[in-house]
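Hi everyone, thanks for coming along. I'd like to walk you through a structure that may be new to you, so please have a look at it first.

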Amino acid sequence: MSCGKPHEIDCAEILQEVYLFLDLECSDERRAAIQHHLDECPGCLREYGIEQEVRAIVQRCCGGDRAPDALRERLRAKIAALGVAALEAG
Ligand SMILES: [Zn+2]
């Protein structure tokens, strides 16, 4: 998965680390690098937006616990189907 532009960090790597980024589990330095990538890469930014939505839903439904992977995947698919236009508009 790539937007075709060269980045300091590979898109696949960013998308693997988006969960860490959202959970504030990576270092400040790494977060800054990921943020920089998101700023210049619409493809990853969209993925990141979906992750934020998933987290918001999971926190509402599960009281802040992490959802099981299967649930996350279901939510992701659902949001991807419903929400891309809204994310792009917002
Ligand atoms: Zn990217």
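**A short tour of the chain**

Let's begin with contacts between residues at least 6 apart in sequence: in this chain, 60% of them join residues at least 24 apart. Please keep in mind that this is a predicted model.

What does the chain contain? There are four helices and zero strands, and along the sequence the pattern reads α-α-α-α. Of the chain's 90 residues, 11% count as buried.

Helix α1 covers residues 11-22 and helix α2 covers residues 28-40; they pack at an angle of about 125°, and their axes are 11 Å apart. That angle makes α1 oblique to α2. The crossing of α1 past α2 is left-handed.

Which residues meet there? From α1 we have Ile 14, Glu 17 and Phe 21, and they meet Arg 31, Ile 34 and His 37 of α2. Sorted by class, this contact has three nonpolar, one polar and two charged residues.

Two of those names come back in the next part. Ile 14 and Ile 34 belong to the largest nonpolar core. Together with Cys 41, Cys 44 and Tyr 48, they give that core five residues. As general background, nonpolar side chains in soluble globular proteins tend to be buried together.

Let's finish with Cys 44. Which residues does Cys 44 touch, if we leave out those up to four places away in sequence? They are Cys 11, Ile 14, Leu 15, His 37 and Leu 38.

Methods: Residues numbered from 1 in each chain as written. Predicted model: local features only at pLDDT ≥ 70, side-chain atom pairs only at ≥ 80, totals over all residues. Axes fitted to C-alpha atoms, helices over the stretch in contact; angles between N-to-C directions. Helix = DSSP H or I, 4+ residues; strand = E, 2+ residues; numbered from the N terminus. Parallel < 35°, antiparallel > 145°, perpendicular 65-115°, else oblique. Left-handed = near helix turned anticlockwise from the far one by under 90°. Contact = placed C-beta atoms within 7 Å. Nonpolar A, V, L, I, M, F, W, Y, C, P; charged D, E, K, R; others polar. Core = buried A, V, L, I, M, F, W, Y, C linked by C-beta atoms within 7 Å. Buried ≥ 20, exposed ≤ 12 C-beta atoms within 10 Å, placed from the backbone.
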